[in-house]
Amino acid sequence: MPAAAAATVAATPFAHESEAEFARILDFYGISWLYEPRSFPLRWEGEQLAEAFTPDFFLPDLNLYIELTTIRQKLATEKNRKVRLLRQLYPEVNIRLLNKKDYLRLLAKYGYGPPEAAKLPDIDRVLITTGQIERRVGELGAQIARDYSGQAPLLVGVLKGVLCFMADLLRHISLPVSVDFMAISSFEGEAGEVVKILKDLDQPVADQHVLLVEDIVDTGMTLNRVLEHLWSLRPASLKVCALLDKRARRLVDVPLDYIGFEIPDEFVVGYGLDYHQRYRNLPFIAVLKHELLS
Ligand code: IMP
């Protein structure tokens, strides 16, 4: 939760501003952290502890200790010596010595998005990381390939939000699939929300096994209308695969056969989803700052 994370940063007596900044970046990516949770004895003189080392952070999700370095060479050399000693004495401990550039690169390597992502002013926090998306989309593709084994399903996407999800999902389905897209617009009419079809499918749907691929299901109105349309074209079967399910806001009960992630009632962007046509190119799914929507 963002409020709790912010309170944790505020309540932690960091020794340096660079540590507080690192903690804020970890919060942005939703990576849990502990500040100086453990001291490792490094040298004893008789019964007396002569030297110990306390890494700045421990990241439980990555099972990783982090020591942030400064640019002052003398301190960096001393830290290097201690980290080397720690590795010798505790080979099971995973520790990295990082400067600022390194840590943004390290987070990118762990699948948390590109190094510059943490500087986006309109984004509150990352909800689903690049790595989590990749894993889940792979699982969905494998499950769909198993379920449709021996068939050649037609994947149907509704533009434009589905573009990243469709492109990735498709490559994880090891079947002879075909793909088609619809474009719609929705607006408030006198009798509630009206969904208008701007571009219909190019391929015949009758007797095909159709899998409707959706970016996000919110109230369910759009999906309901699209499903009505697709059923009217008499497919052999019709199922739905939605990347995101914002179930708390559902008004129409639509069946979802495959779900990537259930998400809370937040406005999200990235991985194809936009806010006024922006942020579709973020490689993760992030929560937009609440003040932009009020
Ligand atoms: P529904 O008809 O309320 O289920 O809305 C579905 C459509 O609304 C999606 O296809 C999106 O285009 C848009 N939408 C709903 N929630 C979000 C969001 O959190 N971010 C971006 N677009 C959204």
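Thr 130 lies in helix H5 (residues 130-147); helices here are DSSP runs of H or I with at least four residues, strands are runs of E with at least two, and both are numbered from the N terminus. This is a predicted model, in which local features need pLDDT of at least 70, side-chain atom pairs count only at pLDDT 80 or more, and totals for chains, interfaces and linings use all residues. Residues are numbered from 1 along each chain as its sequence is written, and side-chain values use heavy atoms, with hydrogens and water left out.

With a relative accessible area of 15%, Thr 130 is buried (buried means under 20%, exposed over 50% and partly exposed in between, using a 1.4 Å probe and protein chains only). Setting aside neighbours within four places in sequence, Thr 130 is in contact with Gly 111, Tyr 112, Gly 113, Pro 283 and Phe 284, where contact means heavy atoms within 4.5 Å.

Further along, H5 packs on helix H6 (residues 163-170), their axes coming within 9 Å and crossing at roughly 55°. Axes are lines fitted to C-alpha atoms, for helices over the stretch in contact, and angles run from 0 to 180 degrees between N-to-C directions. H5 and H6 are therefore oblique to each other; angles under 35 degrees count as roughly parallel, over 145 as roughly antiparallel, 65 to 115 as roughly perpendicular, and the rest as oblique. The crossing of H5 and H6 is right-handed, a label used if the near helix is turned clockwise from the far one by less than a right angle, with anticlockwise being left-handed. On the H5 side, Val 137, Leu 140, Gly 141 and Ile 144 meet Phe 165, Asp 168 and Leu 169 of H6. That contact splits into five nonpolar residues, one polar and one charged; Ala, Val, Leu, Ile, Met, Phe, Trp, Tyr, Cys and Pro count as nonpolar, Asp, Glu, Lys and Arg as charged, and the others, Gly among them, as polar.

Now for the other helix pair. Helix H2 (residues 17-29) and helix H4 (residues 100-109) pack at about 15°, with axes 12 Å apart. That makes H2 roughly parallel to H4, and this crossing is right-handed too. Ser 18, Glu 21, Phe 22, Ile 25, Leu 26 and Tyr 29 of H2 meet Lys 100, Tyr 103, Leu 104 and Leu 107 of H4. Sorted by class, there are seven nonpolar, one polar and two charged residues in the contact.

The largest nonpolar core holds 34 residues, and Phe 14, Leu 26, Tyr 29, Trp 33, Phe 57, Ile 66 and Ile 123 touch the most other members. Such a core is a set of buried Ala, Val, Leu, Ile, Met, Phe, Trp, Tyr and Cys residues joined through side-chain atoms within 4.5 Å. H2 gives the most to this core, with seven residues. Also in H2 sits Ala 23, buried at a relative accessible area of 0%. Ala 23 is in contact with Val 9, Phe 14, Trp 33 and Phe 57, leaving aside neighbours within four places in sequence.

Most residues other than glycine have a negative phi, and most peptide bonds are trans. The bond from Leu 159 to Lys 160, however, is cis, with omega near 0°. Glu 36, with a positive phi near 45°, is partly exposed at 37% relative accessible area. Arg 234 has a positive phi near 55° and counts as exposed at 63%.
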